[in-house]
Structure formats: structure tokens, C-alpha cells
Amino acid sequence: MEEAVRDDVAQQRERLMESLRIYGGHYAELSRRFAAWLGLHSTDATAVLEIAAAEERGTPLSPARLSERIPLSTGATTALLNRLEAAGHITRAREHSDRRIVTLHSGVHIQERADEFFGPLAHRLDAAMSPYPPQFLEQVEAFMADLNATMDSHLTEQDAVAPRSPHTP
């Protein structure tokens, strides 16, 4: 009996992980479509979304933090920001007392376009979550925070030890 329960739990965890993989795939596809809709390369669109989302949270990104979020080298991030700034999609500001600190801001039209593109989905997702009680959503939030922390930790460990290619002897 105990073994059957363990098998049921293992199967449930597999289904949950599969659901998360599917959601991740949908998110990636939505990001790709947003990039195409804006006429941007996917990396540029991802950067714009990261910058806009950070602004919405009230924590504008620095170029260094952006390069961590969208794993690019410092040089590649600078080239990307130059492109986005020249096109009017972002601005760089020195708002801190330490003038060396640069923060990134999305252009007004980017936020408007993002709202236009993602707004209908945001309403549908909100409607999908609305039947669930706040306590359940808090549990899901904690569950996702735990999964994200686990993934972050694993990725950090992988960065610390250069992974070997399976084709390397």
C-alpha cells in the first residue's frame, strides 16, 4: 500500500513538472511572437520585457543586472542597449547620487505595446486564477519560489564548475 502511495506521488510530481515544462514552452512561444510583433530580434524583445517588468516592480535594472537576467556578456549587452536606445525603445538614466550607476527604462511606446499585446492574456490568466482562494495561491506562490530557488542554486553550481560536453573525452 505504501509503495502505491509513493508511486502516485511520483506520478503527480511528474505531471506537475510536465505542466511546468509546457507552461515554459508557451511562455517562450509568446515571447517569440511578441518579438516578431514588435519587429525585434527575440533577445532584444526579451531585454525590453525585462526592463519594463523591473520598472513595474519599482526596481529598474542596471545594464549589469540585465546581462545576468538574459545571460549575455557585457559587450553583447552594451551592443544590445545601444541598438534599443537608438531605436527609442529604452533610455539609460543616471538617477542616483553615485553618477556611475545607470538604470534602464523602457520607452512609453514599449509599455503601451506590451499592454496591448499581453493585456488580453493577463485578463484571461487573472480569470483562470480567480476561483482559487488566496491561501491556495499563497501555497502555489511558495511552491514556485522553492522551485525557482532550486533552479537558481543548480544553475549557480553549474556556473561554478564548467560543465563538460558529453562529446569531450
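1. Helices (H or I, at least four residues) and strands (E, at least two) are here DSSP runs, numbered from the N terminus. Ala4 is found in helix 1. At 38% relative accessibility, Ala4 counts as partly exposed, where buried means under 20% relative accessible area, exposed over 50%, and partly exposed in between (1.4 Å probe, protein chains only). Ala4 and Met17 are 13 residues apart in sequence, and their C-alpha atoms are 20 Å apart in space.

2. On the basis of this note: the structure is a predicted model, in which local features need pLDDT of at least 70 and side-chain atom pairs count only at pLDDT 80 or more, while totals for chains, interfaces and linings use all residues. Residues are numbered from 1 along each chain as its sequence is written, and side-chain values use heavy atoms, with hydrogens and water left out.

3. Helix 1 covers residues 2–38, which is 37 residues. From its first C-alpha to its last, helix 1 reaches 54 Å, close to the 54 Å expected at 1.5 Å a residue; the expected span is 1.5 Å times one less than the number of residues. Just after helix 1, Gly39 takes a positive phi of about 75°.

4. Which residues of helix 1 are buried? They are Ser31, Phe34, Ala35 and Leu38. An α-helix has 3.6 residues a turn, so residues three or four places apart point the same way. The buried residues of helix 1 pack against helix 2 and helix 5. Leu38, for its part, has a relative accessible area of 16%. Leaving aside neighbours within four places in sequence, Leu38 is in contact (heavy atoms within 4.5 Å) with Ile110 and Arg113. The C-alpha atoms of Leu38 and Gly119 are separated by 15 Å, the two residues being 81 apart along the chain.

5. Two packed helices are described by the angle between their axes and the distance between the axes. Axes are lines fitted to C-alpha atoms, for helices over the stretch in contact, and angles run from 0 to 180 degrees between N-to-C directions. The axes of helix 2 (residues 42–56) and helix 5 (residues 108–129) come within 11 Å and cross at roughly 95°. Helix 2 contributes Val48, Leu49, Ala52 and Glu56 to the contact, and helix 5 contributes Ile110, Gln111, Asp115 and Phe118. By class, this contact has five nonpolar, one polar and two charged residues. Here Ala, Val, Leu, Ile, Met, Phe, Trp, Tyr, Cys and Pro count as nonpolar, Asp, Glu, Lys and Arg as charged, and the others, Gly among them, as polar.

6. Gln111 of helix 5 counts as partly exposed, at 21% relative accessibility. Not counting residues up to four places away in sequence, Gln111 touches Ala52, Glu56 and Ser106.

7. Helix 2 and helix 4 pack at an angle of about 80°, with their axes 11 Å apart. Helix 2 is therefore roughly perpendicular to helix 4. On the helix 2 side the contact is made by Thr43, Asp44, Ala47, Val48 and Ile51, and on the helix 4 side by Leu80, Leu81, Arg83 and Leu84. These residues divide into six nonpolar, one polar and two charged.

8. The largest nonpolar core has 21 residues; such a core is a set of buried Ala, Val, Leu, Ile, Met, Phe, Trp, Tyr and Cys residues joined through side-chain atoms within 4.5 Å. Those with the most contacts inside this core are Phe34, Leu66, Leu80, Leu81 and Ile90. The elements giving two or more residues to the core are helix 1, helix 2, helix 4 (74–86) and helix 5. Helix 2 gives the most, with six residues. Beyond four places in sequence, Leu66 touches Ala47, Glu50, Ile51, Leu61, Thr77, Leu80, Leu81 and Leu104.

9. Not counting residues up to four places away in sequence, Ile51 touches Leu61, Leu66, Leu81, Ile90, Leu104, His105 and Ser106.

10. His89 is placed in the loop between helix 4 and strand 1 (90–93). His89 is buried, with a relative accessible area of 14%. Apart from neighbours within four places in sequence, His89 is in contact with Leu40, Val48, Leu84, His105, Ser106, Gly107, His109 and Ile110.

Note on methods:
Parallel < 35°, antiparallel > 145°, perpendicular 65-115°, else oblique.
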